[in-house]
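Hi,

Here is the structure I promised to pass on. My notes on what turned up are just below it.

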Amino acid sequence: MKNLNVRIDERLIHGQVATMWTNILGVNRIIVVDDNVINNETEKEVLKMAKPGNLKLSILSIKGASERIRNGQYNEETILVLVKSPKTINEMVNLGVEIDEVTVGNISKKSDSKEITKSVSINKEEEKCFLDLYDKGIKIYSQMVPNDNRKDFTKLIKGGR
């Protein structure tokens, strides 16, 4: 799908996404893909309030989003897919979703993670997921806001800052 923008950001919809990314990408729909959020009514309400009023919002499971994207349900739209982790993207790709590139915005520091950029820290499982995506031919970039320079995230993981 040519109008599919994929972003990893644990915060999902927040100010930078709502005001900058949606405008610069020209999206008309945000799809939040998360198996936990789909079952959390409070979190779903917060996401609905955080989205810009002129955009459509879908909050879907990994399987549901993958099926809809694969079946062409959103082919006439420009989409921003938001996920919290690379594992979700890996699962979507394994379910047949064609993704060309991923932008990494924010993954918070955990006790078992290493800092890759100021806003991204990953653990071994996340690193493996990113490298699996790279091995599948998916380009991965680090970019917090649209006017920041995009950095090759795979090189950053491998130590080439």
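Charges first: the protein chain carries 26 positive and 23 negative charges, and their mean positions lie 3 Å apart. Lys and Arg count as positive and Asp and Glu as negative, with His and the chain ends not counted; each charge is placed at NZ of Lys, CZ of Arg, CG of Asp or CD of Glu.

Bear in mind that this is a predicted model, where local features need pLDDT of at least 70 and side-chain atom pairs pLDDT 80 or more, while totals for chains, interfaces and linings use all residues. Numbering runs from 1 along each chain as its sequence is written, and side-chain values use heavy atoms, leaving out hydrogens and water.

On the fold, I get six helices and nine strands (DSSP runs of H or I, at least four residues, and of E, at least two, numbered from the N terminus). Of the contacts with a separation of 6 or more, 71% join residues 24 or more positions apart (contact means heavy atoms within 4.5 Å).

As for burial, 50% of the 161 residues are buried, meaning under 20% relative accessible area with a 1.4 Å probe, protein chains only.

Leu 12 is not a glycine, yet it has a positive phi of about 60°. Its relative accessibility is 1%, so Leu 12 counts as buried.

Cheers
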